[in-house]
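This briefing covers one chain, its contact with a second chain, and one residue of that second chain.

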Amino acid sequence: MQNEQDQILSEVTSGEYKFGFYTDIEQDSIGKGLNEDVIRTISEKKNEPEFMLEFRLKAYRHWLTMEMPRWAHLNIPEIDYQDKIYYSAPRQKAKLKSLDEVDPELLETFEKLGIPLQEQKQLAGVAVDAVMDSVSVKTTFKETLAEMGIIFCSFSEAVREYPDLVKQYMGSVVPYTDNYFAALNSAVFSDGSFCYIPKGVRCPMELSTYFRINAANTGQFERTLIVAEDNSYVSYLEGCTAPMRDENQLHAAIVEIVAMENAEVKYATVQNWYPGDKNGKGGIYNFVTKRGICKGDNSKISWTQVETGSAITWKYPSCILKGDNTTGEFYSVAVTNNHQQADTGTKMIHIGKNSRSIIVSKGISAGLSNNSYRGLVKVLRGAENARNFSQCDSLLLGDKCGAHTFPYIEADNQSAIIEHEATTSKIGEDQIFYCNQRGISTEDAIGLIVNGYAKEVLSKLPMEFAVEAQKLLQISLEGSVG
Amino acid sequence: MLIIKDLKASIEGEEILKGINLEVKAGEVHAIMGPNGSGKSTLASVLAGRDLYRIDSGEVKYNGEDLLEKSPEERAKDGLFLGFQYPIEIPGVSMVNFMKTAINEMRRHRGEEPLSASEFLKKMREKKELVEIDSSLTNRSVNEGFSGGEKKKNEIFQMAMLEPKLAILDETDSGLDIDALKVVAKGVNNLKSSENAIIVITHYQRLLDYIVPDFVHILYRGRIVRTGGKELALLLEEKGYEWVRKEEPAGNE
């Protein structure tokens, strides 16, 4: 019986990665390796102002003094940073006036991924910034948004067109000294998205960035900066995929969010980088620093993530609750299968009075994978009546995977109330049999059970993406049930 | 409809069913009674296809086909329903979603179109009335936080929704107070027809006051040792299982 179960398990876990194709497109890349000249070249290629180059060089010099973090519950192979390419861009005409000038191969790639860039074909109400390898390919609905004063463009464009805004906020939430990968990103970042919502404006559509790694041996280092002024609102979604390759690829991104008084920012991620094959070969190393600051009173930042891809995930979307009555939220579903490893969670830093945070983390492990939740709730002295509720659940499929929970709590204010609940459960054979007895196949039963388990988090996603995410969960676990 | 011939099954090397013979025809209600550990639930599980048990020998024909060949979900789609002794909780999965998935799987199996949302809800309303189940149960996750009685009623509700040809109710009466027992029995009686058959597995005679069987079988140490009409249950009630034990030939110990 055990054998049979193992067999079903291995069948379910061997589902194919759907986005593993590669686009053959002419690339403008620089050679492998990392040094100050490479950084100067990147900055030059992007026509950056002097302050950007200085920022990059400072970050690079700081990075050289740092060491790769080893505290996560991850087994990270040695990475040869000189063996990577730090800039690669699909070659295209210098300035695009219209979509007709975008390389049709590129358009086709994004069509294949289900991200049509023609605005008339768009899902109603979603503006997309598409980033392939190192550069932003196309941002849709830019003009519509501009009428309301909303800026939504590639990060490179923002550096050129809105240098004051970039200078003011870039690195204000995640300084380049923050950690090893943040320093690396700050030195070599290529592109990403920039979003600015002016005072009192509710962004009328979902904003979305779609990241695609295409070129081989290339690291992708994008940064996203979202600034929401007083009384504004924006909902943001990020998606990512990569081709199947035998070698590991590096992805080290930064996302910074600034929410001013009464502003609300929702940031959702559906992360589906190539996870490697059944035997653990290939896959993306996903080392990401995401952090938001609730700077003004009554502001709110909400992170929702559905993490199904990547060989290794190291990621802790966090909130600094600086203003009074601020709210930070973190909703996460992390799925690991085969040989995937994930160490993910959040940090909630309570500084303002009456600041509240909620953490809901749902880990799902299958195959030989390891899935850890790591979270910090920190209440500073001045944070009167801070309140946190954390719930960390782990679901195991089979008996060869691991689930771990590392909650850290530091409270320096007596009035703080911090609650932590954790559960670990296994998809039981009896649950599957119960479904089978009602005519539901084992695969569908797992889909039902896993989606039921993750429902609380999935319900936080914008509608269109919730459906996608549900399917993704099922596909990620295809072949894995026990 | 169901013909069981000399069925032997074991778990971890221990023989539980030691040669079961049973025939059930459409329109019949059979009761299987027996003391704890006699193999009642094992028989139900084996018929539903639970892989905890090894089939050592014998055969089971269901509507002329080899039942033991089929997977649990195929058996279910062919109209075999098991009312669980201990219904399983599935947190986060709504009863609506669960039943809709199950019904549409079965419809697909029969080559029918899936039910539309409104058709499905209508059916759900009708069946809820038929089995007199509390409306709020179907708005919750499958069996999650249900009381013992609610779980059992929910099994009968599912049976009503799925309209099985052969329903096996495994100790559906255990742990029920008399009111809940009446509701469950009424639900079952409402579902009885000349087209389908029901096997009621029970420990006590009292359920049979409400669900009147055509045949009563006494299962003892893996064998059916007595078969009779509904009066057999009364005799058993009066004399107790001691009586069966004494009557059992020593050679079978």
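How many helices and strands are there in chain A? Chain A has 11 helices and 23 strands, taken as DSSP runs (H or I of at least four residues for helices, E of at least two for strands) numbered from the N terminus. The model is predicted, so local features need pLDDT of at least 70 and side-chain atom pairs count only at pLDDT 80 or more, while totals for chains, interfaces and linings use all residues. Residues are numbered from 1 along each chain as its sequence is written, chains are lettered from A and ligands numbered from 1 in the order in which they are written, and side-chain values use heavy atoms, with hydrogens and water left out.

**Chain A**

- Chain A holds 482 residues, of which 63% count as buried (under 20% relative accessible area, with exposed over 50% and partly exposed in between; 1.4 Å probe, protein chains only).
- Among contacts in chain A (heavy atoms within 4.5 Å) with a separation of 6 or more, 83% join residues 24 or more positions apart.
- The accessible surface of chain A is about 18000 Å², and carbon and sulfur atoms hold 47% of that surface (Shrake-Rupley method, 1.4 Å probe; for residues, only the protein chains shown count as cover).

**Interface of chain A and chain B**

- Chain A gives 21 residues to the contact and chain B gives 32 residues.
- About 2200 Å² is buried between the two chains, 63% of it from carbon and sulfur atoms (accessible area, 1.4 Å probe, that two parts lose on being put together, summed over both).
- A:Phe433, A:Tyr434 and A:Arg438 supply 35% of the area that chain A buries against chain B, more than any other three residues.
- The interface has 2 salt bridges (a side-chain nitrogen of Lys or Arg within 4 Å of a carboxyl oxygen of Asp or Glu).
- One of the salt bridges joins the side chains of A:Arg438 and B:Glu155, at 2.7 Å from N to O.
- On the side of chain A that touches chain B, helix 9 (429-437) and helix 10 (442-458) are the elements that give two or more residues.
- Helix 9 of chain A provides the largest share of that side, 8 residues.

**B:His217**

- B:His217 lies in strand 11 (residues 215-220) of chain B.
- B:His217 counts as buried because its relative accessibility is 5%.
- Leaving aside neighbours within four places in sequence, the contacts of B:His217 include B:Leu22, B:Met33 and B:Arg226.
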